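This report covers a single protein chain.

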Amino acid sequence: MDDAVSTLTRDPALGGLTTGAVARLLGVAPTTLRSWDRRYGIGPASREGGRHRRWTAADIRLLECMCGLTNAGMPPAEAARAALAAASPGPLSGPDDHEDEGRAGRPASHAPGALPIGRARRECRGLARAAVRLDAHAMDELLAAAIERYGLLAAWESVIMPTLHAVGRKWETAGERYIEVEHLLSWHVSSALRRAASQHPPVAGSGVSLLACTPGESHTLALEALTAGLAQQGLPVRMFGAALPVEAMEEAVRRTGPAAVVLWAQSRSTASRALVARVESIEWGVRGARRRPVVLVAGPGWAGQLPPGARHPSGLAEALDALAAISRR
């Protein structure tokens, strides 16, 4: 692998390697490389004749990073974000940065600065610029267009999440200057997800999924995306949002009799194994035919402290598949 990269680096005139050649070097399927390109933007910078992929040395190094992260157990969507951030940590820039200056009624240079998007979909870059400008109308339009074009799952993983992560990274390094950007973007993402969910009434006959953040946990966007994804499949869902108290959670489970309960924890301090055991023990129904919910734990807070036998979906796609299977039993 290093020899191939070195050869391409010494002689750029070679024009890069084909997808098949790169797949053989990396030991992955060509379809996997095409999927990473389509879903996560982990693809070649140039294409021969506008169609055929030609992988340069830089492209292959990015793939090496992606493969290393996924081999270590990181979900593909998270691995792609990490690999792209490591490859292109600089701020978003380019000749089209001035295309949207007039939409907000003032030059884009008045904004506090660009977000560190790196290599990403064009829609991701547009959403980042709109967020920095605090352009609410543009954010609504871009979010709706991305969901319509790619579907909720791909839009979440390839457009929405990278932009949210970019805002978070900028906020961490720029003091208080980007809090307003983060709040406004989060609000409009939440609104877009709710609109997507409202377009699909539930289909009778499926078990309900109950979604809630653990007590003390206030991060809800990932659960809102899961809510919208379930709704789009016609699956009934009850979303209880942030910091649901334990007693309220128990009451909700008893009253709704859910097929599954998803508990979200963003940080280790809000992940509670005792809470999982408590929810798993709740029973309802007539004597002799009592039922219990299937409990799934979600979010980075559970890493390293999973309850015994716990189901821990690695991302939105896996969570949707698991809940759909449970609900349709």
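The sections below take these topics in turn.

## Model and confidence

The model is predicted, with local features requiring pLDDT of at least 70 and side-chain atom pairs counted only at pLDDT 80 or more, while totals for chains, interfaces and linings use all residues. Residues are numbered from 1 along each chain as its sequence is written, and side-chain values use heavy atoms, without hydrogens and water.

The chain has an average pLDDT (the predictor's confidence in each residue, from 0 to 100) of 79, and 78% of the residues reach at least 70. Over residues 6-13 pLDDT stays under 50, and the model has ten contacts there beyond four places in sequence; contact means heavy atoms within 4.5 Å. Residues 89-112 also stay under 50, with 37 such contacts. Where pLDDT is low, predicted coordinates should not be read in detail.

## The sheet

Four strands form an open sheet in the order β4-β3-β5-β6, with parallel pairing. Strands are DSSP runs of E with at least two residues, helices are runs of H or I with at least four, and both are numbered from the N terminus. Strands pair if DSSP finds at least two bridges between them. β4 (237-239) and β6 (294-298) are the edge strands, each with a single partner, so one side of each has no neighbour in the sheet. Neighbouring strands are turned by 15° against each other on average, direction ignored.

β3 (residues 209-213) pairs with β4 in the parallel sense over three bridges, and Ser-209 stands opposite Val-237 in β4. Helix α11 (residues 246-256) packs on the sheet, touching β3 and β5, and its direction makes about 170° with that of β3. Axes are lines fitted to C-alpha atoms, for helices over the stretch in contact, with angles from 0 to 180 degrees between N-to-C directions.

## The largest pocket

The largest pocket holds about 1,400 Å³ of space. Of its 47 lining residues, Trp-156, Met-161, Ala-222, Trp-264 and Gln-266 are the closest to its centre. A pocket is an open set of points on a 1 Å grid over the protein atoms alone, where a 1.4 Å probe fits, with protein on both sides within 12 Å along at least five of seven lines; lining residues have an atom within 4 Å of a point.

α8 gives the largest share of the lining, ten residues.

Key: Grid points are joined across faces, edges and corners, and a volume is the space filled by probe spheres set on the points.
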